[in-house]
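Please keep the sequence and the structure in view while reading.

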Amino acid sequence: MHIRHLDETKRPVLYNGTFRNDKERPITSTAARFSRLRFALLVLAGVYPLITAILYVVFPLTEQWEIWQRTLVTAPLMVAIMIWGLIPGVQKMFRRFLNPAQ
């Protein structure tokens, strides 16, 4: 698709809140659509073995603790690993699977 540029910088012009190549037609693109279902399934596939491994490590070290105390240790560890490891990894490794073309 050829986009006609209206200014000297060769960029599309913003018109009424949307980028357009003329006043009648908005610029169309083949934008990808993010699949929340696929993302949720991939995160679940990563979370299950992760939480299982954390529990195998934490529970023997905290045998005498109450369940809320174990959770107080496990939850922040799990969240940190998900935010800085699991989720960015899933998004990077499965980018095309998560963003299928329309």
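Helix α1 passes helix α2 in a right-handed crossing, where right-handed means that the near helix is turned clockwise from the far one by less than a right angle, and left-handed that it is turned anticlockwise. The model is a predicted one, in which local features need pLDDT of at least 70 and side-chain atom pairs count only at pLDDT 80 or more, whereas totals for chains, interfaces and linings use all residues. Residues are numbered from 1 along each chain as its sequence is written, and side-chain values use heavy atoms, with hydrogens and water left out.

The axes of α1 (residues 36-61) and α2 (residues 67-93) come within 9 Å and cross at roughly 140°; axes are lines fitted to C-alpha atoms, for helices over the stretch in contact, and angles run from 0 to 180 degrees between N-to-C directions. The two helices are therefore oblique to each other, given that angles under 35 degrees count as roughly parallel, over 145 as roughly antiparallel, 65 to 115 as roughly perpendicular and the rest as oblique. Helices (H or I, at least four residues) and strands (E, at least two) are DSSP runs, numbered from the N terminus.

On the α1 side, the residues that meet α2 include Phe39, Leu42, Val43, Val47 and Leu50, and on the α2 side they include Val73, Leu77, Met78, Ile81, Ile87 and Val90, contact meaning heavy atoms within 4.5 Å. The residues of this contact divide into 19 nonpolar, three polar and one charged; Ala, Val, Leu, Ile, Met, Phe, Trp, Tyr, Cys and Pro count as nonpolar, Asp, Glu, Lys and Arg as charged, and the others, Gly among them, as polar.

Within α1, the buried residues are Phe39, Leu42, Val43, Gly46, Val47, Leu50, Ile54 and Val58, where buried means under 20% relative accessible area, exposed over 50% and partly exposed in between (1.4 Å probe, protein chains only). These buried residues of α1 pack against α2 and also against α3 (95-98). An α-helix has 3.6 residues a turn, so residues three or four places apart point the same way. The end C-alpha atoms of α1 are 36 Å apart, which agrees with the 38 Å that its 26 residues should span at 1.5 Å a residue, the expected span being 1.5 Å times one less than the number of residues.

| Pair | Separation in sequence | C-alpha distance |
|---|---|---|
| Val47 and Ile81 | 34 residues | 9.6 Å |
| Ile87 and Phe39 | 48 residues | 9.1 Å |
| Val90 and Leu42 | 48 residues | 7.0 Å |

Leaving aside residues up to four places away in sequence, Val47 touches Met78, Met82 and Leu86, and Val47 is buried at a relative accessible area of 18%. On the same terms, Ile87 of α2 is in contact with Phe39, Val43 and Met82. Val90, also in α2, counts as buried at 7% relative accessibility and touches Phe39, Leu42, Arg95 and Leu98, again not counting residues up to four places away.

Ser35 is placed in the loop between β2 (18-20) and α1; Ser35 is buried, with a relative accessible area of 16%, and, beyond its neighbours within four places in sequence, is in contact with Leu98 and Pro100.

The protein chain as a whole has three helices and two strands, which follow the pattern β-β-α-α-α along the sequence. Of its 102 residues, 20% count as buried.
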